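Hi everyone, and thanks for making the time.

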Amino acid sequence: MLAQGLKETLRLSSDNGGEPTLYPGLPELIKHAHGRGLGVEVFSNMTRIRAELWDTFTEHGVKLATSYYSDNAEEHDSVTRLRGAHKKTRANVQKALSLGIPLRGGVVAVRDGQRVHQAAQDLTALGVGTVGGDRTRAFGRASQGAAPTIADLCGHCAHEKFAIGPTGEVWPCVLGRFLALGNVLERPISDIWGGAQMTDVAAEIAAVHGDGVQSCTPPQFLPMCGPCGPCVPSVGHCDPKEAGTAATIAAPV
């Protein structure tokens, strides 16, 4: 049993430091999580999904999520630095939908003039029901050496979820690794969730982003819906404090 207030979903994401579908033990991990009553979502670039994984996804009710950068193959491949990525991702999106696997897509704006509107519309046309957007955030390679800050987070950290690293470290989200909450090898999740460290970190996040941040639709990383509709790349940001200016995805004028 997870701590009260947490949604019992295991999310396996490339944000944790690698493409999850390349991990040979992924089917067993999914089977184990499903057997413990957890929902499972795999966040993948969807370029390399072997037949065994499709069987595992359908058998254990796995949900999928992916990032999409453009409806134009050349532009998408330029962002991913992988030739043929657009073709493979798009084909696997179609296959997932044909198998009835729930799928959400996120369009990430990483450069000026990027075809983000067209990318979102392409996903919608394919039948993806949940399409969100976000901008590049200054973490990891995108930080260009700058120290991480709470201001660069979306503000939804530690809201109904947190992240657990490969050695047991607990963070408010996969991008908030500089905000330590504890370690599951040292303390149970029920103690960490709502504990003193988490309370302090949540207060720091609220001080930067405001107490009303949770009412705003988050970026692509969470399949949640708020009153202001999906944050979209067309506004050039996904800042909850500026949610009032966000509009739903539409063709550019």
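Let's begin just after helix α3, where R81 takes a positive phi of about 60°. Before going further, a word on the source: this is a predicted model, local features need pLDDT of at least 70, side-chain atom pairs count only at pLDDT 80 or more, and totals for chains, interfaces and linings use all residues. Residues are numbered from 1 along each chain as its sequence is written, and side-chain values use heavy atoms, with hydrogens and water left out. When I say helix or strand, I mean DSSP runs numbered from the N terminus: H or I of at least four residues for helices, E of at least two for strands.

Now back to α3, which covers residues 73-80. At its start, a side-chain oxygen of N72 comes to within 3.0 Å of the backbone nitrogen of E74. Which residues of α3 are buried? They are E75, H76, D77 and V79. Buried here means under 20% relative accessible area, exposed means over 50%, and partly exposed is in between, using a 1.4 Å probe and protein chains only. Those buried residues pack against β3 (63-68) and α4 (85-98).

Next, the salt bridges. By that I mean a side-chain nitrogen of Lys or Arg within 4 Å of a carboxyl oxygen of Asp or Glu. How many does a search of the whole structure find? It finds four, and I'll show you some of them.

Have a look at E41 and R104, whose closest N and O atoms are 2.7 Å apart. E41 sits in strand β2 (residues 39-43) and R104 in strand β4 (residues 103-109), so this pair ties together parts that are 63 residues apart in sequence. E41 is buried, with a relative accessible area of 4%, and R104 is buried too, at 6%.

R115 and D71 also meet in a salt bridge, at 2.6 Å from N to O. Here the partners are in loops: R115 between β4 and α5, D71 between β3 and α3, so the pair ties together parts 44 residues apart in sequence. R115 is partly exposed, at 33% relative accessible area, and D71 counts as partly exposed at 25%.

Then there is D122 with R90, at 2.8 Å from N to O. D122 belongs to helix α5 and R90 to helix α4, so the parts they tie together are 32 residues apart in sequence. D122 counts as buried at 12% relative accessibility, while R90 is partly exposed at 25%.

Staying with those helices, L126 lies in α5 (residues 116-126). At 18% relative accessibility, L126 counts as buried. Leaving out residues up to four places away in sequence, L126 touches R90, V93, Q94 and L97, where contact means heavy atoms within 4.5 Å. L126 and V93 are 33 residues apart in sequence, yet 8.0 Å apart in space, C-alpha to C-alpha.

Finally, the inside. A nonpolar core is a set of buried Ala, Val, Leu, Ile, Met, Phe, Trp, Tyr and Cys residues joined through side-chain atoms within 4.5 Å. The largest one has 25 residues, and M46, W54, F57 and L64 touch the most other members. Its largest share, five residues, comes from α5. Apart from that core lies another, of 14 residues, including C157 and F162.

Conventions. A polar contact is a pair of N or O atoms within 3.5 Å; within protein, one must be able to donate a hydrogen and the other to accept it, and residues adjacent in sequence count only if both atoms are side-chain atoms.
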